[in-house]
Amino acid sequence: MIKRSAMTVKSNGGLFRDIKSQVSISLPILEGGNQQQQIEQFVGIWDTGATGTVITGRVADSLSLKPISKTIVNTASGSDEVNVYLVNVYLPSNVIVQGVRVTEGKLSGADVLIGMDIITLGDFTVTNLNGRSMMSFRIPSCCEVDYVKEIHEEQKPGRNDPCPCGSGRKYKKCHGK
């Protein structure tokens, strides 16, 4: 059974233009291996348009990471061959994702980009209520979130309400049979 965990990031007032959180990175802790790892903290940006998680060269250098392979990545500025590393990713509130294959890339305003490889491990929600944004993430996914179904259930008439078809009859005697 996977341990459930969750995190939330709130804007400092106003709407998000990007979603940033603290992210820590370490070498992967292998089963039976040394549990004392160097863990470094960085600024991370969440990107639903990115297939995979990306770290900068600064992260790789800071942790003395050794590449496990190379791969070709496609970005808005073209294709490039980059290093691939295996790391553990630590998100706020003790949300830990172990054994993540990350690529090295150039980022602006952050040293870690959280991509869909991590986001799809759980539930990711962004809300904007009363002019303030909030992002919440939990793993593993524990229920299906369906806003259409939620609205439909909120708007479903009671048995003694007038039928929404306009017949003038009670819902229970018309479309609620």
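The model is predicted: local features need pLDDT of at least 70, side-chain atom pairs count only at pLDDT 80 or more, and totals for chains, interfaces and linings use all residues. Residues are numbered from 1 along each chain as its sequence is written, and side-chain values use heavy atoms, with hydrogens and water left out.

Start with the overall layout. The chain has three helices and 10 strands, counted as DSSP runs (helices H or I, at least four residues; strands E, at least two) and numbered from the N terminus. Their order is β-β-β-β-α-β-β-β-β-α-β-β-α. The radius of gyration is 22 Å, well over the 16 Å that the globule rule gives for 177 residues, so the chain is more spread out than a compact globule. That radius is taken over C-alpha atoms, and the rule is 2.2 Å times the number of residues to the power 0.38.

Now the salt bridges (a side-chain nitrogen of Lys or Arg within 4 Å of a carboxyl oxygen of Asp or Glu). The whole structure holds two. Aspartate 111 pairs with arginine 58 at 2.6 Å, N to O. Aspartate 111 sits in the loop between β7 and β8 and arginine 58 in helix α1, so the pair ties together parts 53 residues apart in sequence. Arginine 138 pairs with aspartate 123, with the closest N and O atoms 2.7 Å apart. This pair links strand β10 to strand β9, 15 residues apart.

Aspartate 146 lies elsewhere, in the loop between β10 and α3.
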